[in-house]
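Here are my notes on the model, in the order I'd go through them with the viewer open. Skim the picture, then read on.

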Amino acid sequence: MEQSQVAAVPPERVRYRLTRLQRLLPVLPNIAMVMAFQVLIWLDEGPFGPLLVSGLLLWVVLPVLIALLPFGVTLTPSAAIAQNLRRRTIPWSNVQAIQIESFFGSRTVVIYEAGGRCTRLRAPITGFLSWDRSFEEKFHTIGRWWLDHRGPDWAPVPPPWMQWGGPPVSDGNPYAPPA
């Protein structure tokens, strides 16, 4: 059976974002809390209007706006672009490992860089209330992109804490080859 030419061409970029349910679930308790608070005020015959508006703005509109931010990761041939609260571009040649870690009961993907910095991706993520059925597939896709695009001259770099017991490094660069 022959594969078509369209299916054989790899995509230029892959983008993973939070699912719609993952974005909306954190906001639902806020809505319930504001409505319950407003019912209590109404039953006590207190001022209903001003507190409702401020409560809705603080506990519903603000979390909804935060939930609409494009959290996730975009994979390009040259780098992984992580969109957390700030956008970071991580070149594939600088990545040392990609792992799954548990964080507050959820499983997330973490990218480790040569300088010792690690970046926890906001998406893909899976957990009790933010279940993602294709989390493992997305993790393996990110790992495959790293392996395919890190370059032929990529070499593993020991983490900075491994240098403490070793020989002194030249020029203050812990990743420079020994002299």
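1. Burial terms to begin with: a residue is buried under 20% relative accessible area, exposed over 50%, and partly exposed in between, using a 1.4 Å probe and protein chains only. This is a predicted model, with local features needing pLDDT of at least 70 and side-chain atom pairs counting only at pLDDT 80 or more, while totals for chains, interfaces and linings use all residues. Residues are numbered from 1 along each chain as its sequence is written, and side-chain values use heavy atoms, with hydrogens and water left out.

2. The overall layout. The chain has five helices and seven strands, where helices (H or I, at least four residues) and strands (E, at least two) are DSSP runs numbered from the N terminus. Read from the N terminus, the elements go α-β-α-α-α-β-β-β-β-β-β-α. The chain has 179 residues, and 30% of them count as buried.

3. Four strands make an open sheet in the order 1-2-3-4, paired antiparallel; strands pair if DSSP finds at least two bridges between them. Strand 1 (14-17) and strand 4 (87-91) are the edges, each pairing on one side only. From one strand to the next, the twist averages 15°, with axes being lines fitted to C-alpha atoms (for helices, over the stretch in contact) and angles running from 0 to 180 degrees between N-to-C directions. Inside this sheet, strand 2 (residues 72-75) and strand 3 (residues 79-83) run antiparallel and are joined by four bridges. Threonine 74 faces isoleucine 81 of strand 3.

4. The hairpin of strand 6 and strand 7. These two strands also run antiparallel, with five bridges between them. Tyrosine 112 has cysteine 118 in strand 7 as its bridge partner. The hairpin has four residues between the strands, and glycine 116 there takes a positive phi near 95°.

5. Two backbone spots I'd look at. Most residues other than glycine have a negative phi, and most peptide bonds are trans. Phenylalanine 104 has a positive phi of about 55° without being a glycine; its place is the loop between strand 5 (95-103) and strand 6 (106-113). With a relative accessible area of 77%, phenylalanine 104 is exposed. The other spot is the peptide bond from alanine 123 to proline 124, which is cis with omega near 5°. Proline 124 belongs to strand 7 (residues 118-126).

6. Aromatic pairs. There are two of them, counting rings of Phe, Tyr and Trp (its six-membered ring) with centres within 6.5 Å; planes under 30 degrees apart are stacked, over 60 edge-to-face, and the rest tilted. Phenylalanine 103 and phenylalanine 104 have ring centres 4.6 Å apart and planes at 65°, so that pair is edge-to-face. Tryptophan 146 and tryptophan 154 are edge-to-face too, because their planes stand at 85°, with centres 5.7 Å apart. Phenylalanine 103 is partly exposed at 38% relative accessible area, whereas tryptophan 146 is buried at 10%.

7. Salt bridges. The structure holds five, each a side-chain nitrogen of Lys or Arg within 4 Å of a carboxyl oxygen of Asp or Glu. One of them joins glutamate 136 to arginine 107 (2.6 Å, N to O). That pair links distant parts of the chain, with glutamate 136 in helix 5 (residues 135-149) and arginine 107 in strand 6, 29 residues apart. Both ends are partly exposed: glutamate 136 at 34% and arginine 107 at 32%.

8. Two further salt bridges. Aspartate 132 meets lysine 138 at 2.8 Å, N to O. Are these two buried or exposed? Aspartate 132 is buried at 8% relative accessible area, and lysine 138 is buried at 12%. Aspartate 148 pairs with arginine 144, the closest N and O atoms being 3.5 Å apart. Those two sit four residues apart in helix 5, so about one helical turn separates them. Arginine 144 is partly exposed, at 47%.
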